[in-house]
2 protein chains.
Amino acid sequence: MKSITADPVSWDAFERIFHPRNVAIIGVSARGYTFGTGIMSSLKTIGFEGKIYAVNPKGGEFNGMKIYKSLGELPQPIDFAIIAVPAEHVPKALEECRVMGVTGAEILSAGFSELGTEEGMRLEQEIRDIAAKGIRVVGPNCFGIYCPRSGLTLLPGPDLSRTSGPVGFVSQSGGMSIDFAHIGKWMGIGFSKMISFGNGADLRETELLEYFGEDPETKVIAMYIEGVKDGREFLSVLKDVAAKKPVIINKGGLTEAGGRAVQSHTASMGGTRNIWESVIRQAGAVQVGGLWELAQTCLAFSLLPGRVYENIIVAGGGGALGVEACDAAERYGLGLPMLDPEMTEAILEFLPRPGSSARNPIDAANPFVDPRAYREVFTLAAQDPRIDVQILIQLLHHYKSLSSGMGLESPKEITPYRELAGVISEVAAETGKPLVLVMPDFKQGRESMDIEEVIREARQAFLDKGVPVFDDLNSCLRALGHVSLYYARRRSRERL
Amino acid sequence: MKSITADPVSWDAFERIFHPRNVAIIGVSARGYTFGTGIMSSLKTIGFEGKIYAVNPKGGEFNGMKIYKSLGELPQPIDFAIIAVPAEHVPKALEECRVMGVTGAEILSAGFSELGTEEGMRLEQEIRDIAAKGIRVVGPNCFGIYCPRSGLTLLPGPDLSRTSGPVGFVSQSGGMSIDFAHIGKWMGIGFSKMISFGNGADLRETELLEYFGEDPETKVIAMYIEGVKDGREFLSVLKDVAAKKPVIINKGGLTEAGGRAVQSHTASMGGTRNIWESVIRQAGAVQVGGLWELAQTCLAFSLLPGRVYENIIVAGGGGALGVEACDAAERYGLGLPMLDPEMTEAILEFLPRPGSSARNPIDAANPFVDPRAYREVFTLAAQDPRIDVQILIQLLHHYKSLSSGMGLESPKEITPYRELAGVISEVAAETGKPLVLVMPDFKQGRESMDIEEVIREARQAFLDKGVPVFDDLNSCLRALGHVSLYYARRRSRERL
C-alpha cells in the first residue's frame, strides 16, 4: 500500500470524498421509497453544503426535482456518488462513475460477498476491479460516510449533529455507525468524520486508520472491526498511529459464534480473542468490549487532558456509592489514596454532620449539598499532590421530592445543576485537575419524565462547560482507566 | 443463633415488624424538617395501612397531628417504633420502647460505630445491650424497612411501589436500598420486603437471610453486604438457603480502598475479593458486581422460569448487534447454535431480503419488521430442540423518523410495541420457551423526549405480559447466564 502522506493524490481524494462540492445519488426512484430517496432526503434535511443530483436510468421527477438518466446528463463533474441500486446493477453504475471521473463512491446496496453466494462474490470482485482502475469505493453493504462539516450523512441520518468534534470513527458496521452517531450527539462526543465501510471492497480499516492518523481534524480514533484484510500491515499502521493519537478498538466476532455472525454480516474472518487482545496491547491501542464502552471511552479521551491519571477523589452523597467506586477504581488500575487527617477535618467543615465522612471517598451523606460547599471541598482536595482527577456522583431525582414538598410544578426550578456545572468547571480550571460528573438515573418510570428532562438539561449544562458526564461509576472509572493506561504506555514507549 | 423456624416467637416478631398494626415515630419535631417528620410524611404519602403516632418529649403538634411526649401517653401498645433522634438520645428512646413492649424498632439516626469514635462505639454497645433484653432492632445508621404490602417505607421513600413481588432485599446500605427500590419500580422487579440494616447492631445479614429463606412471599433473595459478623455461620446459612432459593449477592468493599470506605460507612470489615468469590460460589449463590447487575439479575430470576438455559437465539435488526450478542453469550457461558439450513431458509421467508441472515443470530436487517413476521420467526426457531430461550433486540427510535415522515405528531401512534408484546408473550406461552426483549436507547437527547416516552410505555407493555426487558445485550446475557449457572449448580448438587 502506498502511504497516504507520501501521496498527495490519495490525500486530495479523501478531502474530496469527505467534503464533496456535489453528490450524485444513483438509485433515486420517481415513486416509492428506495435507499436512494432515503439518503437524498437525509442529505437535504441535514443541510448538505453541496449540490445534490438524482440519477436513475428511468428518469422522471421526485418531489419536483429532476431525475437525470445518467451521469453524462449532469451539468457539472461530480465529486462523490452514492450508489443505491440493486446489487446486480452496481458494477455498471460504478463503472459509469469511474469513466465520468467521479473521485469516490459509496455503495449502500447489500447482496454481495456477505451472502456467501458465488454471484455475490463475483459482483464484489467486479467492484474491486473497477476501483483498482481509479475510483475510491466505500462499501458495498454499508451506511456510508458521515461528515458534520460538509453535511454528508449516513443512510438513515437526517438528524445527526452538524457540530464537528475530535473523534474519527472507522466502522465495518453501518448499524454501529448510526448508533454511535446518535449516542455521541447527546453524550457530548463530536465527530470529525465517520466512515462505515461494510464489506470493504476498496477502502478498509488500514488505509482509513492511516488517513485518520494524518487528518488534523481527528484527535481520537475509534474503530469497530470485524476482520482485517492484512493483519501484519494493520498492526504496523496501528503501531504508528497509536503512538501519536489514541486509537480505541471495539473488535466484534472474538468467539466462534461471533465469527459466524461476522461472516454473515460483512464476510470477514473473526480471529481469536487472545490474538486480538495481544495485537491491540502490543500496538499501544485501547480495546473496549462494546458500543457503550467505546462511546464512554471516546468521551473521556476527547474531554480530558491527555495524561496519566493515577489517583482519584470520589465524592458524593451515599456511602455505598463510594464503596462501589473504590472497588471499581482498583479494577481499572486507579488509586483512591486516603487523605491526611488534617485534610479530612478541613473538608468535613463543609459537609453535613453526622453521617458524612471524608477520608476518600468523600461521603456527603446528603443529596442536597450546596454547590458552594462542593467548591470548597474540591478546591481543598485538589491540594493533595497525589490526586490527578476528582469525581462527583450527583443524583438529581431527590430534587423532585423536594420541589413537590415545596408545591412547585417542576424540579427544574430548584435543581442547582447550572451552579454545580459552574463550580465544577471553575475548580477544574483553577486547580488544573479535571473534574468529572457521574449522574445515575434511578427513576426511569413513566411518572418521572420531568426528572428525565432535568437530567438531560443538566448533562448539556455540564458538557457546555467541558465537563464529561457518565451514567454510572463503573463506566466512568473504566473510561478513565483507559485514558490513563494509554498515556502511561505511550510515555514509557517514548522513553525507550 | 436460634433457628427462626424452630422459634415461633422470632417468627412472629418478624411478621409484626414487617406488618405492624401501628407505628410510633420518635423524633417528629413540631417545627422544621427532621428525619422523623420526613419518615412520617413518607408513610402517610405511601399509604401505610396502620396507625401512625408522633412522639417527642417536647410534645406539641405537627400539621394538626398531636405529638405525644412519651410512648406511655399513647392510647394503645405499639408494634413498631421508628427512632430518629440524635445519637446520644437513642439508647434512652430504645429502652423506653423495650419497656413498653414494642416488638421492634428501626433506628435511622447516624453517629455510632461508623464514626470510629469511642462515644459512637459505646452508644452502639448500649443499643446491642438493650436489644439483647428483648426488642429487635434494625440499624442504627440505616434507612429502615420497605414492605409494599403493609406500606412501611424507607426514609426518603414516599413514592415507592405498593405492589408486592418475589424479591427480598437485605442491605447494609440505605442508599442502595432506596436506589434499588426506585429501579425496581420501572424495571419490573417486585419486592416482598426490603430491609436496610446499616451498622446492624442487632438484626443482620445472617438472620435476615434465614428469615427470607423461610418467608413464603420471597422467592428470590438479593443482598448487599459490606461485611459479615460471623463468616462461618453466614456461609452455613447461605448454603442452606441457596439450595432452595436463588441468593444474589452484591459484595461491596472487596479492595483496600473499598474496605476503608466500608469502615466509614457501616463500620464493617471488607474481606478480600478471592475469599468472597470462593465463599459465594461454594455456597451455590450468585455474585454480581454492582447495583445495576444486581437489579438485572433479579429481574431475570423473577420473570424467567427457573431452569438451565444452555442455548439461545438472538434476533434483531442490525448485524453488529448480533455479533456483539455472540461475543457476550460466550462470555456468560451461553451457546448460539447454528440453525439447520432448512430452518434458516424457512425463517428467511419472513424477513426482508437481501440484507437479512438467519443462521443465528438472526439479522432482520430492518428496524420495521412486522410483529406478525416475528411471530413466525420465533415459532419456527423454537422448534429447534437445542434452543432454551430467544432474545429479540428491538430499537424503537426509528419509528420517530417514520412518523415525522408521515406527518404524525408522535411516534407513539405507529410504534407497534403492544402488538409486539402480545406476539412475544404468546409465542413464549405456545412454545414453552421464554422470550426476552432487549431495547437499547441510543437517542437520549433533549429533543428525543417523545422517544423516551414510547420506550417507557413499551417497557411497561412488555412487563405487563411478563416479558423481561433489558437496556442492552450484555446485561441481558449476563443476567441470563447467572440464572442458568445457578440452576445448573443446584441441579448437580441435588444429584449428589
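By what turn, and with what RMSD, can chain A be laid on chain B? A turn of 180 degrees does it, with a shift of 0.0 Å along the axis and an RMSD of 0.0 Å. The two copies are therefore related as by a two-fold rotation axis. In chain A, A:M449 has the C-alpha nearest that axis, at 4.0 Å. Keep in mind that this is a predicted model.

Next, the contact between the chains. Chain A brings 63 residues into contact with 63 residues of chain B. The same surface serves both copies, since 100% of the contact residues of chain A recur in chain B. Which elements of chain A give two or more residues to this side? They are α5 (174-187), α8 (256-266), α11 (319-331), α14 (398-405) and α16 (449-464). Of these, α11(A) gives the most, with 10 residues. The class count for the side of chain A that touches chain B is 25 nonpolar, 22 polar and 16 charged residues.

Now look within one chain. Chain A is divided into two domains: domain 1 covers 8-301 and domain 2 covers 305-492. Taken over C-alpha atoms, the centres of these domains in chain A are separated by 38 Å. Their contact involves 11 residues of domain 1 and 12 residues of domain 2. On the domain 1 side, helix α10 (residues 291-303) of chain A supplies the largest share, 6 residues. By class, that side of domain 1 has 6 nonpolar, 4 polar and 1 charged residues.

One residue of chain A deserves a stop. A:H482 sits in helix α17 (residues 473-495) of chain A. Is A:H482 buried or exposed? A residue counts as buried when 20 or more other C-beta atoms lie within 10 Å of its own. A:H482 has 23 other C-beta atoms within 10 Å, so it is buried. Leaving aside residues up to four places away in sequence, A:H482 touches A:V286, A:T297 and A:A300. A:T379 is 103 residues from A:H482 along the chain, and their C-alpha atoms are separated by 26 Å.

Turn to chain B for the strands. Strand β1 (residues 22-26) of chain B runs parallel to strand β2 (residues 51-55) of chain B, and 5 bridges join them. B:N22 has B:K51 as its bridge partner in β2(B). Between these strands comes helix α2 (residues 35-46) of chain B, and β1(B), α2(B) and β2(B) make a right-handed β-α-β unit. β2(B) also pairs with strand β4 (residues 65-68) of chain B, again in the parallel sense, over 2 bridges. Here B:V55 has B:Y68 as its bridge partner in β4(B).

Further along chain B is strand β10 (residues 191-196). Why can β10(B) be called largely enclosed by the rest of the structure? Because 6 of its 6 residues are buried. β10(B) has two pairings to follow. Strand β8 (residues 144-146) of chain B runs antiparallel to β10(B), with 3 bridges joining them. In that pairing, the bridge partner of B:G144 is B:S196. Strand β9 (residues 164-171) of chain B runs parallel to β10(B), with 6 bridges joining the two. In this case B:S164 stands opposite B:F191 in β10(B). The chain gets from β9(B) to β10(B) through helix α5 (residues 174-187) of chain B, and this β-α-β crossover is right-handed.

Definitions and conventions. Residues are numbered from 1 along each chain as its sequence is written. Chains are lettered from A and ligands numbered from 1 in the order in which they are written. This is a predicted model: local features need pLDDT of at least 70, side-chain atom pairs count only at pLDDT 80 or more; totals for chains, interfaces and linings use all residues. Copies are superposed by least squares on the C-alpha atoms of residues with pLDDT of at least 70 in both. Two residues are in contact if their C-beta atoms, placed from the backbone, lie within 7 Å. Helices (H or I, at least four residues) and strands (E, at least two) are DSSP runs, numbered from the N terminus. Ala, Val, Leu, Ile, Met, Phe, Trp, Tyr, Cys and Pro count as nonpolar, Asp, Glu, Lys and Arg as charged, and the others, Gly among them, as polar. A residue is buried if 20 or more other C-beta atoms lie within 10 Å of its own, exposed if 12 or fewer, and partly exposed in between; C-beta atoms are placed from the backbone. Two strands pair if DSSP finds at least two bridges between them. A crossover is right-handed if, with the strands pointing away from the viewer, the path from the first strand over the helix to the second runs clockwise. Domain bounds come from an automatic or database domain assignment.
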